[in-house]
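Subject: Structure for your review

Dear colleague,

Please find below the structure I wished to hand over to you. My notes on it follow directly after.

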Amino acid sequence: MSANLSVHDLTVTRGAQPVLDRVDLTVAPGRRIGVVGPNGVGKSTLLAACAGAIAPDAGAVRLVPPAATVGWLHQEPERTGETVRALLARRTGVTGAQAELDTASEAVAAGEPGSAERYDVALQRWLALGAADLDARMGVVAAEVGLGEQLLDQPTRDLSGGENARVGLAALLLSRFDVYLLDEPTNDLDLDGLDRLERWVLGTPAPMLLVSHDRRFLDRVVTDVAEIDEFSHRLILFGGGWAAYLDERERTRRHAWERFEAYDTERRSLAARAQRQREWAQQGRAKVRRSGETDKFIRAFKIDQTEQLAGKAAQTKRVLDRLEAVDKPREPWQLRLDVPDAGRSGDIVIRLLGATVERGDFVLGPIDVLIAYGERVALVGGNGAGKTTLIDLGLGRIEPSAGTARLGAGVVVGEIEQVRRQLDGAGTLLRSFVDATGMTIGDVRTLLAKFGLVGAHVERPTASLSPGERTRASLALLMATGANLLVLDEPTNHLDLPAIEQLEQALDTFEGTVLLVTHDRELLDRVRITRTLRLDGGRLV
């Protein structure tokens, strides 16, 4: 079914603060609109409002035709006892459609008025969502994305991170919605998963509104970019794809500064001229008073000259008042990350000799690796290849089943996951940060403000922070404590685009050793890397 989703004057507030202000947007077939903006600006809120999950304070969301199906596929951080099969049925909308069809069938059997029409609508929806052959397709798609048939009946809480990402991808590939709302669909996907996702997105004619921090993904799939302004809370639509958006955004910002600077120069010039003319008029009057001139014609002439100067000053002031004001462009907040080097470690940072780890059916190794001080190593491989296990082995968190694993002398590890654990607990972010660093409350507030965590943020329990806020807090703690070995495992997850760019700059200037695990293709291209280690099925290839 061909469908349109449109948003008119959509306004959403949180307390007294606007999140979205009079947003207008239309998503038509063939359009794939990427929604961008800093963390907390309202991207996910926009998708939730479009899905009907939250009620706007003003405005409306319209779906044409009204019976069209909308798939809101967002991140689900909590895993439950629900089986993978049940999750796939729910995420594809089949569970809800089946429940409505069952209810409509009971209404028909009971002879309720209008039950036949209700049953017909429910049946058409059930068929449109692909419920009739879902089980058959489920096995095929699961095998395609690397999920075994036996895994379909496992609880989702037993899934690894890589398996959970593949389940999310499978839900997309199985879905048959008329409109798609995708919130961070690339998170935790490996390169193969990203390739499958891109091919699916490009091959799906349904309208799409998607939020993503993956710049390469956005560049390849979006037809338009919708930017939510963090100051006005309005939405600005840029046509022509990702590259055109970057060019137009830069051009718009440059022109805004040029208009302001031209206005400010003219305003200052007119103000200075008016001030000089007033001063000359005042000086002229004073000279006339002191001159003692008795000739009334000469005196009148001099007074007339000073009055002419005063008139010119008034005229210049009127021109200044009529000058059309141009507001100074507001600069968005930027994360200023600088991880201090904790001093040089020994020459050898990590040494693995014949190291092997056995975890159930999975075997990592044997692996021989030596990472020297100052190296910048990218660790790549598909989900389940053993990257996290290798990191745990190199950092001494697990012991090898065979061989040896050693962390070098004087190594001070800086790791986002490690510092996240330091910020866990029931206390506020401010208290957790003070306990972890020993810094004064004033210094902690100053540091957290550099990471966009101010006011109410620092008084909230750390457990209540959003994933993006927790990541920024972790980076702040890294900056406070320092390191000479940075271990970054998917560091861009939950970071907004400006913060990712700042992270790239910080990594470029860091003088210690870097071990980077990421599926962010743009990050891998932009960060200076001296060596790449590739894992496949637990073996270093």
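I begin with the salt bridge between E375 and R531, whose closest N and O atoms are 2.9 Å apart; the term denotes a side-chain nitrogen of Lys or Arg within 4 Å of a carboxyl oxygen of Asp or Glu. This pair connects distant parts of the chain, as E375 sits in the loop between β11 (362-372) and β12 (376-380) while R531 belongs to strand β17 (residues 531-536), 156 residues apart. E375 counts as buried at 18% relative accessibility, whereas R531, at 27%, counts as partly exposed. Here buried means under 20% relative accessible area, exposed over 50%, and partly exposed in between (1.4 Å probe, protein chains only). Helices (H or I, at least four residues) and strands (E, at least two) are DSSP runs, numbered from the N terminus.

Please note that this is a predicted model, in which local features need pLDDT of at least 70 and side-chain atom pairs count only at pLDDT 80 or more, while totals for chains, interfaces and linings use all residues. Residues are numbered from 1 along each chain as its sequence is written, and side-chain values use heavy atoms, with hydrogens and water left out.

The surroundings of β17

β12 and β17 run parallel and are joined by four bridges; strands are taken as paired if DSSP finds at least two bridges between them. Within this pairing, V377 stands opposite R531, the residue that also forms the salt bridge with E375. On to β18 (residues 539-540), β17 makes two bridges, and these two strands run antiparallel. L535 stands opposite L540 in β18. The hairpin of β17 and β18 has two residues between the strands, and G537 in this hairpin takes a positive phi near 60 degrees.

A385 lies in the loop between β12 and α11 (387-394) and is buried, with a relative accessible area of 4%. Not counting residues up to four places away in sequence, A385 touches F362, L535, D536, G537 and G538, contact meaning heavy atoms within 4.5 Å. The C-alpha atoms of A385 and G537 are separated by 4.7 Å, although the two residues are 152 positions apart along the chain.

Other salt bridges

Across the whole structure, a search finds 25 salt bridges. One of them joins D214 and R521, with 3.6 Å between the closest N and O atoms. D214 lies in the loop between β7 (208-211) and α8 (215-221) and R521 in helix α18 (residues 521-526), so this pair ties together parts that are 307 residues apart in sequence.

R267 and D264 form a salt bridge with an N to O distance of 2.6 Å. These two residues are three apart in helix α9 (residues 241-291), and are therefore separated by about one helical turn. R267 is partly exposed at 30% relative accessible area, while D264 counts as buried at 16%.

The three-stranded sheet

An open sheet of three strands has the order β2-β1-β4 with antiparallel pairing. β2 (17-27) and β4 (58-64) are the edge strands, each with a single partner, so one side of each has no neighbour in the sheet. On average, neighbouring strands of this sheet are turned by 15 degrees against each other, direction ignored. Strand β1 (residues 4-14) is joined to β4 by six bridges, and N4 stands opposite V64 in β4. Helix α1 (residues 43-50) lies across β1, β2 and β4 and runs at about 125 degrees to β1. Axes are lines fitted to C-alpha atoms, for helices over the stretch in contact, and angles run from 0 to 180 degrees between N-to-C directions.

The nonpolar core

The largest nonpolar core has 83 residues, of which L88 and W200 touch the most other members. Such a core is a set of buried Ala, Val, Leu, Ile, Met, Phe, Trp, Tyr and Cys residues joined through side-chain atoms within 4.5 Å. Helix α6 (residues 161-174) gives the most to this core, with eight residues. Leaving aside neighbours within four places in sequence, the contacts of L88 are M138, L152, V167, A170, A171 and L174.

The chain as a whole

The secondary structure comes to 18 helices and 18 strands. Of the 541 residues, 46% count as buried. Among contacts with a separation of 6 or more, 72% are between residues 24 or more positions apart.

With kind regards
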